[in-house]
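Please open the structure in your viewer and keep the selection tool at hand. This tour goes from stop to stop, saying at each one what to select and what is there.

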Amino acid sequence: MEHLPEQYRQLFPTLQTHMMLASCSQSALAEPVSRAIQDYHDSLLHRGTNWKEAIEKTESARNEFTKLIGAEPDEVAIVPSVSDALVSVASALSVFRKKHVVYTEMDFPAVSHVWQAQCDYHVSVIPSIDGVIPLEQYETHISEETVLTCVPHVHYRDGYVQDIKAIAEISQRKGSLLFVDAYQSAGHIPIDVKEWGVDILAAGTRKYLLGIPGVAFLYVRKELADALKPKASAWFGRENGFDGAYAKDARRFQTGTPAFISVYAAAAALSLLNHIGVSHIRNHVKTICADACQYAAAKGLQLASAQGGVQPGMVAIRDERASETAELLKKKKVICAPRDEVIRLAPHFYNTKEEMRHAIDEIAAKMIDK
Ligand SMILES: Cc1ncc(COP(=O)(O)O)c(C=O)c1O
């Protein structure tokens, strides 16, 4: 399992000086991604027009993402962010008569912000119980009146991994569509939208997908996309640019010109991830996180994630002064991600067990100093 970092670390110049353990927020920049960003810049600086090339890159990014989640290219829209993806989805549900939406306490706050702004819908929030959401909660809260159930694949605060296939079965049985926020899983946990029965899924590119902000992907199951008429849709969502008809597929969820510089980055980043294989990445990340959890517990640190379920791909450590600790670690060139009262160590395929242990040593030392 240790061979992944050995094979790929040289692609990430930052790793020569920093321990990059914040993939749940922003991953390290790989050289091929950096070159793609430079290429976009150079196309403007030296080659004049680049529209055709940029459109080709957009298709290439789309294709790479479809490979990553087991979808077809016409089932994926390119949108600016996960929040925008959900706004587009919310704008498309009026074709259904049902007005009840469910989301969970583990969803990223943007999900609740989007639904709070939709006055036409009433919402139920599924609580988490001791750091998990038992499937019975979905049985209880999703009803025949539910038009859409929103769930995160992975909890952004502690890495808790949900069984999406089991949730999809419940949601489908009750007649609700399922929206999966895969921003915290795409790139390090394998996803299969067909096998799991997912209707809609979104993920942005700056976390485990090795990209930069500006682009997200929205998967909408083919038959479903054709039935929906998003109000948040514009010329990139049309059959033929200036033509008024909706695109026949998930592209109808697109609005304006994508952030091409981020598209170039995404195409290169996703190609690298697909080349390595997400199941290999999952095995590696899982192994070093399991080791780090044991190591942190042995040091007396308190883990924020529920123990005993599926191994999370991050190690979340309780710390009342998480931001202060993260700043201190940053001075020592250890980059981690604080969130509320938790420090998240979120490794990727380029990180080692030793880096995780080193970060934990630093956190433990800081705690003792308090
Ligand atoms: C799980 C999850 N969903 C959504 C978001 C928000 O994504 P965006 O800024 O692309 O809307 C984040 C951002 O950190 C996240 O972690």
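How far is the sulfur of C289 from the closest cysteine sulfur, and in which residue does that closest sulfur lie? Bear in mind while looking that this is a predicted model. Select C289 together with C293: the sulfur of C289 is 6.4 Å from the one in C293, which is its closest cysteine sulfur, and this is too far for a bond, because a disulfide requires two cysteine sulfur atoms within 2.5 Å. C289 itself is buried, since its relative accessible area is 0%.

Next, select C150 and C119. The closest cysteine sulfur to that of C150 belongs to C119 and is 16 Å away, which is again too far for a bond. C150 also counts as buried, because its relative accessibility is 0%. Across the structure, the number of disulfides is 0.

Now move to the ligand, which sits in the largest pocket. To see what surrounds the ligand, select S81, V82, S83, F108, Y156, D181, Y183, Q184, R206 and K207; by class, this shell is made up of 4 nonpolar, 3 polar and 3 charged residues.

Within that shell, look at individual contacts with oxygen atoms of the ligand. At S83, a polar side-chain atom is 2.5 Å from a ligand oxygen, while at V82 a polar backbone atom lies 2.9 Å from an oxygen of the ligand. At Q184, a polar side-chain atom is found 3.0 Å from an oxygen atom of the ligand.

Methods:
Residues are numbered from 1 along each chain as its sequence is written. This is a predicted model: local features need pLDDT of at least 70, side-chain atom pairs count only at pLDDT 80 or more; totals for chains, interfaces and linings use all residues. Side-chain values use heavy atoms; hydrogens and water are left out. A residue is near a molecule or strand if one of its heavy atoms lies within 4 Å of it. A polar contact is a pair of N or O atoms within 3.5 Å; within protein, one must be able to donate a hydrogen and the other to accept it, and residues adjacent in sequence count only if both atoms are side-chain atoms. On a 1 Å grid over the protein atoms alone, a cavity is a set of points where a 1.4 Å probe fits but cannot get out, and a pocket is an open set with protein on both sides within 12 Å along at least five of seven lines; lining residues have an atom within 4 Å of a point. A molecule sits in a cavity or pocket if more than half of its atoms lie within 2 Å of its grid points. Ala, Val, Leu, Ile, Met, Phe, Trp, Tyr, Cys and Pro count as nonpolar, Asp, Glu, Lys and Arg as charged, and the others, Gly among them, as polar. Buried means under 20% relative accessible area, exposed over 50%, partly exposed in between (1.4 Å probe, protein chains only).
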